[in-house]
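Hello,

Here is the structure we talked about passing on. Please open it alongside this message; my notes follow below.

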Amino acid sequence: MYLSKLKKKGKISTPSKGIYELGSISLFNPEVSGSLKKIYNKIKLEFPFITYCVWDSAWLNDLMRHQPFKHYIVVEVEKDASEPVFGFLNETFKNVFLNPNEEIFERYIQNLDEVVIVKNMVSEAPLIETQKIVIPALEKLLVDMLTDTNLFSAQQNETGFIMKTAMEKFAINKLKMKRYALRRNRESEVEKLINIGLAKKD
């Protein structure tokens, strides 16, 4: 129980099962904008029993060398609810897209501002709650960065740097990240980036 309390306070981290690290570390706690809160709460009122999360692609900017010009609001929803949630948001917000492919990104999304992207959530994705809003864990975003290359196109040339910076700035649960990477068929790529980050960190 004491170890659990220390972990929640950010005094220790668990990089792998049964291993703890001491030191002053930061927990991933990005700023949730008013727009994100509005979207999250509207979905909660309309679909109170579904699993979903919201996030902003700008959250990775602090981990990058070069700052992207564009950012997207993303709503990830359990697969069976993605169509109804998309239809609901499309009635209220402009520029809402459902599971856009590369062509849609190139022809439409990259030329628009204030885009909302609704996409299917992978089951058992690691989520956290902040300010009563459910968001992706950083481990999830780092793995998705390697998989959803259209959504994370601005990050593709900096994946190694982003992983290294994330591991230096935040408490990363490597076991959680590897489990999710296995679900997304990116285990070897994530393992490679973790090793690069550890080598540079040491």
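**What I found**

A caution before the details: this is a predicted model. The chain has a mean pLDDT of 89, and 88% of its residues reach 70 or more. Confidence is highest in strand β5 (residues 96–98), at a mean of 98. Confidence is lowest in strand β1 (residues 12–16), where the mean is 61. Where pLDDT is low, the predicted coordinates should not be read in detail.

**The sheet**

Look at the open sheet of four strands. Its order is β3-β4-β6-β5, and the pairing is mixed. The edges are β3 (52–56) and β5, each of which pairs on one side only. On average, neighbouring strands are turned by 20 degrees against each other, direction ignored.

β3 and β4 (residues 73–77) run antiparallel and pair over five bridges.

**α2 against α3**

α2 (residues 34–46) also meets a helix, α3 (residues 82–92). Their axes come within 11 Å and cross at roughly 125 degrees. That angle makes α2 oblique to α3. The crossing is right-handed.

Which residues make this contact? From α2 come Ile39, Lys42, Ile43 and Glu46. From α3 come Val85, Phe88, Leu89 and Thr92. By type, the contact has five nonpolar residues, one polar and two charged.

**α5 against α6**

Another helix pair is α5 (residues 138–147) with α6 (residues 159–169). Here the axes come within 11 Å and cross at roughly 170 degrees. Angles over 145 degrees count as roughly antiparallel, and α5 and α6 are therefore roughly antiparallel to each other.

In this contact, α5 supplies Leu138, Leu142, Met145 and Leu146. α6 supplies Thr159, Ile162, Met163 and Ala166. The residues divide into seven nonpolar and one polar, with no charged ones.

**Where to look**

Then go to α5 and α6. Keep the lowest-confidence strand, β1, in mind as you go.

Best wishes

Methods: Residues are numbered from 1 along each chain as its sequence is written. This is a predicted model: local features need pLDDT of at least 70, side-chain atom pairs count only at pLDDT 80 or more; totals for chains, interfaces and linings use all residues. Side-chain values use heavy atoms; hydrogens and water are left out. Axes are lines fitted to C-alpha atoms, for helices over the stretch in contact, and angles run from 0 to 180 degrees between N-to-C directions. Helices (H or I, at least four residues) and strands (E, at least two) are DSSP runs, numbered from the N terminus. Angles under 35 degrees count as roughly parallel, over 145 as roughly antiparallel, 65 to 115 as roughly perpendicular and the rest as oblique. A crossing is left-handed if the near helix is turned anticlockwise from the far one by less than a right angle, and right-handed if clockwise. Contact means heavy atoms within 4.5 Å. Ala, Val, Leu, Ile, Met, Phe, Trp, Tyr, Cys and Pro count as nonpolar, Asp, Glu, Lys and Arg as charged, and the others, Gly among them, as polar. pLDDT is the predictor's confidence in each residue, from 0 to 100. Two strands pair if DSSP finds at least two bridges between them.
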